[in-house]
Amino acid sequence: MTEPAFRWGLLGAARIARALIPAIREAGGEVAFVGVRDPHSARAQAFAQEWGVRVAGTYDDLIAADVHAVYNPLPNDAHLPWTLAALRAGKHVLTEKPLTLNAAEAQQLADAALQAGLTLLEAFAYRFQPHILRIVELVRGGTLGDVRSVQGAFGFHMTNPDDFRWNAAQGGGALFDVGTYPVNLMRLLLGEPQAVTAAARWTPAGAHPGTGDIDVALSGTLDFGGALGSLDCAFDWTDPSFSRLTVVGTRGTLDVPRVYHSHTHEPVTLHLNLGGQESQEAFPPSNGYARMVTHFQRAARGQEAALYPPADAVAQARVLDALYASARTGARVTLDAHA
């Protein structure tokens, strides 16, 4: 017998939802409903018509709808309440990064997912890309020798003054947005850091009245005990979207431009230098969103083990907490290995 389609509900008509809808359909899922703040708004109706989905009503109506899973791409401060509501309603949940605003909130969601026996995944689609899997293989497999340095940078020029990412109360800031990617990939390659230090450039006074200070740019060092990670992220770089990873080991180096992109439209090339011998590996365009959704649906149906259980998102949040604490105080922050 043919298995029924995996039914999804979307919270809000965010821009990122436009990437997920084709991915869900490519993965064999069904986008059944969207829930919005104002179901009668012209924007909601236009979104539904453009993408061929039904408006379930409000967010509460969407949570109560007949769906297997909910996708939560709302502003960062809305990740905890609406993800928790969906879990309590018996729905699997795919929530955009960062999962929550801090590790305590992330643990709350992890506990709720475990108690309900549901799949909860922080939506880092980039890590399902084939070139990322190859990077992990090269680094963990020892091709580069003992890793001494990992440098990760991701930034762009954000010009919309009304974007929620300028608002501290909504979880704005460069680290919570683009900075999460290098942190996540460093952890994927090297495990958990022992300590971090960081510095930030904060929103200029009066730049965005009433929104609070956010980190326009943040740079940090992650101490992995033998290897050091260097992090740079920003909202005010002139490049529309700059991302790069460089790994230096005792046997060679690896350099990868455009490394964190979740949906590549051009090949991604890995540049290797091993003992003075240079080589390249090119990966064709790939949709990491579709690969992520495919894995999520199979994990939710018990067909494969979750690659990134909620505990991974909690560990990620602990590192972000530590980086922000260091950026605000100037002090080195040690992470508890037993937390």
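1. Let's start with one serine. The side chain of S262 reaches the backbone nitrogen of Y126 at a distance of 3.2 Å. Keep in mind as you look at this contact that the model is predicted. You will find S262 in the loop that joins β12 (252–257) to β13 (268–274).

2. Is S262 buried or exposed? Its relative accessible area is 7%, and since buried means under 20%, S262 counts as buried. Leaving out residues up to four places away in sequence, S262 touches A125, Y126, Q129, S286, N287, G288 and Y289.

3. Y289 belongs to α8, where Y289, A290, V293 and Q297 meet A19, L20, A23, I24 and E26 of α1. The residues of this contact divide into 7 nonpolar, 1 polar and 1 charged.

4. How do these two helices lie against each other? Two packed helices are described by the angle between their axes and the distance between the axes. For α1 (residues 17–26) and α8 (residues 288–300), the angle is about 55° and the axes are 8 Å apart. That makes α1 oblique to α8. The crossing of α1 past α8 is right-handed.

5. Helix α1 has another partner to look at. The axes of α1 and helix α2 (residues 42–51) come within 12 Å and cross at roughly 30°. Because angles under 35 degrees count as roughly parallel, α1 is described as roughly parallel to α2. Here, too, α1 passes its partner α2 in a right-handed crossing.

6. Which residues of α1 meet α2? They are A17, R18, I21, P22 and R25, and on the α2 side the residues are F47, E50 and W51. The contact of α1 with α2 divides into 5 nonpolar, no polar and 3 charged residues.

7. From α6, the contact uses I132, I135, V136, V139 and R140, while α7 supplies L185, L188 and L189. By type, the residues of this contact are 7 nonpolar, no polar and 1 charged.

8. Next, a threonine inside a helix. T83 sits in helix α4 (residues 79–88), and its relative accessible area is 0%, so T83 is buried. The side chain of T83 reaches the backbone oxygen of H79 at 2.7 Å. Setting aside residues up to four places away in sequence, T83 touches N72, V93, T95, L109 and L120.

9. T211 lies between β8 (195–202) and β9 (215–223). With 17% relative accessibility, T211 counts as buried. Apart from neighbours within four places in sequence, T211 is in contact with W166, N167, A168 and A169.

Key:
Residues are numbered from 1 along each chain as its sequence is written. This is a predicted model: local features need pLDDT of at least 70, side-chain atom pairs count only at pLDDT 80 or more; totals for chains, interfaces and linings use all residues. Side-chain values use heavy atoms; hydrogens and water are left out. Axes are lines fitted to C-alpha atoms, for helices over the stretch in contact, and angles run from 0 to 180 degrees between N-to-C directions. Helices (H or I, at least four residues) and strands (E, at least two) are DSSP runs, numbered from the N terminus. Angles under 35 degrees count as roughly parallel, over 145 as roughly antiparallel, 65 to 115 as roughly perpendicular and the rest as oblique. A crossing is left-handed if the near helix is turned anticlockwise from the far one by less than a right angle, and right-handed if clockwise. Contact means heavy atoms within 4.5 Å. Ala, Val, Leu, Ile, Met, Phe, Trp, Tyr, Cys and Pro count as nonpolar, Asp, Glu, Lys and Arg as charged, and the others, Gly among them, as polar. Buried means under 20% relative accessible area, exposed over 50%, partly exposed in between (1.4 Å probe, protein chains only). A polar contact is a pair of N or O atoms within 3.5 Å; within protein, one must be able to donate a hydrogen and the other to accept it, and residues adjacent in sequence count only if both atoms are side-chain atoms.
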